Amino acid sequence: MNEWEWNLLEDKTPLETVRVAGVDLKPGDRVRLRPRPRGDVFDLALAGKIATIEALEQDYEGQVHVAIVIEDDPGRDLGFQRQPGHRFFFSPAEIEPVVAEQPEPAARTPRILVAGIGNIFCGDDAFGVEVAQRMTARPLPPGVTVTDFGIRGFDLACALLDGYDLVVMVDACPRGTPPGTLHVIEPDLADLDAEGQTWVEPHGLDPLNVLRLARGMGGALSPIVLVGCEPETLGGEDGVMGLSDRVASAVTEALGLIDSLLADAVRGQESRTPNAGEP
């Protein structure tokens, strides 16, 4: 029905909403037009078009009429009372709701800390420091922070409580394997000995003691992964500086291993991002 025909009718009652396909539609909502098969040619020409509800009105016979304007009508903004012909009426059975498309939620960028640990005056104990320095010399992925903690155990303990999604600790790790062997260790934070040492040596940094210290400081510990390298020389009192050849050659391999851990952390965060419509 065109607007001029509708204006001839009297006793029109405005409505706030009309229920269509289980959805309460109101003025301003978008609908798709589905004119009845026996409608006039003009109505059928509008089939499938997207329109906006201008008004909901009920006639004296109790029939509901939905006043709409077509979205791609260039005259829709000219003022309907002054410019007839740009508003049309359809019954609720001839429209269907257009559900707004929800954008896919963007995956949150995880916050990751790569913590270099070690003493540069103790030979291969400087492995973690070297890895951290190499990483900071190249572009880092979003959300990744690399810090050379050296032997600053208290600072590292504070960082473990800073809400990172993952902390990758890099350190020399004697485990009785050939020098230069890399290990990936995930400490079980639930198994930390509550009665163990909770202070840190001023001139050394034991990752396990740092974890105990952080837990004793309260708060939730970040998930931890330790990338360790089997040392050949730890220097001791000799004050040996510089990595042994086999440990130095493991630095590049460690960088690739850490890159894989970072990529896995990002993929894991994306898989935990809810789909549109999920809580």
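**View 1. The five-stranded open sheet of the predicted model.** The strands of this open sheet follow the order β10-β9-β11-β13-β12, and their pairing is mixed; two strands count as paired if DSSP finds at least two bridges between them. β10 and β12 (182-185) are the edge strands, each pairing on one side only, and from one strand to the next the twist averages 20°. Strands (E, at least two residues) and helices (H or I, at least four) are DSSP runs numbered from the N terminus. β9 and β11 run parallel and are joined by five bridges, with Val168 of β11 as the bridge partner of Val114. This is a predicted model, in which local features need pLDDT of at least 70 and side-chain atom pairs count only at pLDDT 80 or more, whereas totals for chains, interfaces and linings use all residues. Residues are numbered from 1 along each chain as its sequence is written, and side-chain values use heavy atoms, with hydrogens and water left out.

**View 2. Helix α3 against the sheet.** α3 lies across β9, β10, β11, β12 and β13, and runs at about 145° to β10. Such angles, from 0 to 180 degrees, are taken between N-to-C directions of axes that are lines fitted to C-alpha atoms, for helices over the stretch in contact, where contact means heavy atoms within 4.5 Å.

**View 3. The largest nonpolar core.** This core holds 24 residues, of which Val114, Phe127, Val131, Met135, Val168 and Ile258 touch the most other members. A nonpolar core is a set of buried Ala, Val, Leu, Ile, Met, Phe, Trp, Tyr and Cys residues joined through side-chain atoms within 4.5 Å; buried means under 20% relative accessible area, exposed over 50%, and partly exposed in between, with a 1.4 Å probe and protein chains only. At least two residues of the core come from each of β9 (112-117), α3 (127-136), β10 (144-150), β11 (166-172), β13 (224-229) and α6 (245-272), and α6 gives the largest share, nine residues. Leaving aside residues up to four places away in sequence, Val114 touches Met135, Val144, Thr145, Val146, Thr147, Val168, Val170, Ile258 and Leu262. Apart from this core lies another, of 18 residues, including Ile117, Tyr164, Val167 and Leu221.

**View 4. Strand β4 and its two partners.** In β4 (residues 30-33), Val31 and Leu33 form a covered face, while Arg30 and Arg32 form an uncovered one. β4 pairs in the antiparallel sense over three bridges with β5 (residues 50-58), where Ile50 is the bridge partner of Arg32. Three bridges in the antiparallel sense also link β4 with β8 (residues 95-97), and there Ile95 is the bridge partner of Leu33.

**View 5. Cys173 and Cys229.** With a disulfide taken as a pair of cysteine sulfur atoms within 2.5 Å, the count comes to zero. The sulfur of Cys229 is 9.1 Å from the closest cysteine sulfur, that of Cys173, and is therefore too far for a bond. Both cysteines are buried, Cys173 with a relative accessible area of 10% and Cys229 with one of 1%.

**View 6. Confidence along the chain.** The mean pLDDT, the predictor's confidence in each residue from 0 to 100, is 80 for the chain, and 75% of its residues reach 70 or more. Confidence is lowest in helix α1 (residues 3-6), at a mean of 48, and highest in α3, at 96. Over residues 79-84 pLDDT stays under 50, and the model has nine contacts beyond four places in sequence for this stretch.
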